[in-house]
Amino acid sequence: MKPPLSSSSSGVVRKPRLSPYLFTLLTFIVFVAILYGEDFICIFGQLEPIPARAIPRPVKKGAKLPFAIGRSEEKCDIFQGRWVRDELTRPLYEESECPYIQPQLTCQEHGRPDTDYQKWRWQPHGCDLPSFNATLMLETLRGKRMMFVGDSLNRGQYVSLICLLHKLIPKHAKSMKSYNNDALTVFRAKDYNASIEFYWAPFLLESNSDNAVVHRISDRIVRKGSITKHGKHWKGVDILVFNTYLWWMTGLEMKILKGSFKDEEKEIIKVSTEDAYRMAMKSMLRWLKVNMDRKKTRVFFTSMSPTHAKGVDWGGEAGENCYNQTSMIEDPKYWGSDSRKSIMKVIGEVLEKPKFPITFLNITQLSSYRKDAHTSIYKKQWNALTPEQLANPVSYADCVHWCLPGLQDTWNELLFAKLFYP
């Protein structure tokens, strides 16, 4: 055994003692780090994207995810399939029976003469989609919050879900209200103590387009590292459904603000749309990792919603768009020129090894066929149309948004399938 050191032993270096002041300081630093560690991670995590040092634990194969009640069929990709005519079960609700549809999406009310766009069902290759069960959905949401976060296309899916559910709820036991200058819309099912919400954040990050009412800004600017501005409203949600795409399509580049919108002198840089989009996606995943519990929360990301503004894309005539289109695109390989494969590639790269488990709802390809399902001219027009526009309906046709009931009900059937049968 090694003899103890003696202070009188010659040639022995005395072991330095820790100063009580230094010890107190170190103790305080450790205490603060433990108490506010997550806040520091979230704050600094929103700065320049840096490679993750810790490898996130993957979800164990066969582990039950929150809200899952079964498993999907082996080797069945529900996003690959075909549209099947179905006049027995479609539409899943009537436009006139759902008072929550915005006037921008009520095509029948605004004079659309046909209803064929409502009578198609998505049929995956080699398997079937589970039937949407409104009772199961409401019981699952009992005592919980579900939120859609994104732009007006995500709001359309949000309203579609409410239309699929609200008939089971007595009139006195449901309500819909908007808050924060319409940035947040909340549908409540009082008997279930449940809420289904929509939060306006077209870029997910803070931007100069964050006003939910006045946001038609051509010179769009996104603030780097700013997801916590919106993210504080998402905390405590049990099911999150994100989307962001359309608002990034301003050209080949995006303007990124370093600093704050309140700064007198603003530092703004230009980066490629793909790099800017990647930045937002990574910020979203970092926020989820810090703020959400993977054992209690399910998160979904909806892919790009296609537009049909160029008839030449599907073999139509020059100058043609979705106006007066009553049939879908038959080519199974059709993609379209507006849905950028480069953006889809970014989504695939970022979600390949996410820091938080996230379910990808790949609605792009199946929606690309549906040039017949847009609102076109059959919607509320916020500004009076000019004689020139009235003489040429193609000029003001909305080939971005979708009629309800219609295509977006299928998006919710896919969401339902992935929620309960992942």
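**Disulfides, a helix and salt bridges**

Trainee: Hi! Which residue does a disulfide join to Cys76?

Mentor: Cys76 is joined to Cys127, with an S to S distance of 1.6 Å. Here a disulfide is a pair of cysteine sulfur atoms within 2.5 Å. The model is predicted, so to speak of local features pLDDT must be at least 70, and side-chain atom pairs count only at pLDDT 80 or more, while totals for chains, interfaces and linings use all residues. Residues are numbered from 1 along each chain as its sequence is written, and side-chain values use heavy atoms, with hydrogens and water left out.

Trainee: Back to Cys76 and Cys127, joined by that disulfide. Which parts of the chain does the pair link?

Mentor: Distant ones, 51 residues apart. Cys76 is in the loop between α1 (20-45) and β1 (81-85), and Cys127 is in the loop between β2 (120-124) and α2 (134-140). Those element names come from DSSP runs, numbered from the N terminus: helices are H or I with at least four residues, strands are E with at least two.

Trainee: Is Cys76 buried or exposed?

Mentor: Cys76 is buried, at 16% relative accessible area. Cys127 is buried too, at 6%. The cut-offs are under 20% relative accessible area for buried, over 50% for exposed, and partly exposed in between (1.4 Å probe, protein chains only).

Trainee: How many disulfides does the count come to?

Mentor: Four disulfides. Counting bonded cysteines along the chain, their pattern is 1-4, 2-5, 3-8, 6-7.

Trainee: Tell me about another one. What does Cys107 join to?

Mentor: Cys107 is joined to Cys403 by a disulfide, S to S 2.0 Å. These two are 296 residues apart: Cys107 is in the loop between β1 and β2, and Cys403 is in the loop between β14 (398-402) and α9 (407-420). Cys107 is buried at 0% relative accessible area, and Cys403 is buried at 0% as well.

Trainee: Why is the disulfide of Cys107 and Cys403 left-handed?

Mentor: Because the torsion about its S-S bond is about -90°.

Trainee: And how far apart are the sulfur atoms of Cys322 and Cys399?

Mentor: They are 2.1 Å apart, and the two cysteines form a disulfide. Cys322 sits in the loop between β11 (298-302) and α6 (341-352), Cys399 in strand β14, and 77 residues separate them. Both cysteines are buried.

Trainee: Switching to α6 now. Which of its residues are buried?

Mentor: Ile343, Met344, Val346, Ile347, Val350 and Leu351.

Trainee: Why do the buried residues of α6 line one face?

Mentor: Seen down the helix axis, they fall within an arc of 155°, so one face of α6 is lined by them. The arc is that of the directions from the helix axis to the C-beta atoms. In general, an α-helix has 3.6 residues a turn, so residues three or four places apart point the same way.

Trainee: What is exposed on the other side of α6?

Mentor: Lys341, Lys345 and Glu352 are exposed there.

Trainee: And what covers the buried residues?

Mentor: The elements covering the buried residues of α6 include α5 (273-291), β11, β12 (359-361) and α7 (364-368). Contact here means heavy atoms within 4.5 Å.

Trainee: New topic: how many salt bridges does the structure hold?

Mentor: There are 15 salt bridges. The rule asks for a side-chain nitrogen of Lys or Arg within 4 Å of a carboxyl oxygen of Asp or Glu. One of them pairs Glu197 with Arg145, whose closest N and O atoms are 2.9 Å apart. Glu197 lies in strand β6 (residues 194-200) and Arg145 in strand β3 (residues 145-150), 52 residues apart.

Trainee: Which is Glu197, buried or exposed?

Mentor: Glu197 is buried at 4% relative accessibility, whereas Arg145 is partly exposed at 25%.

Trainee: What does Asp372 form a salt bridge with?

Mentor: Its partner is Arg370, and their closest N and O atoms are 2.9 Å apart. Both Asp372 and Arg370 are buried.
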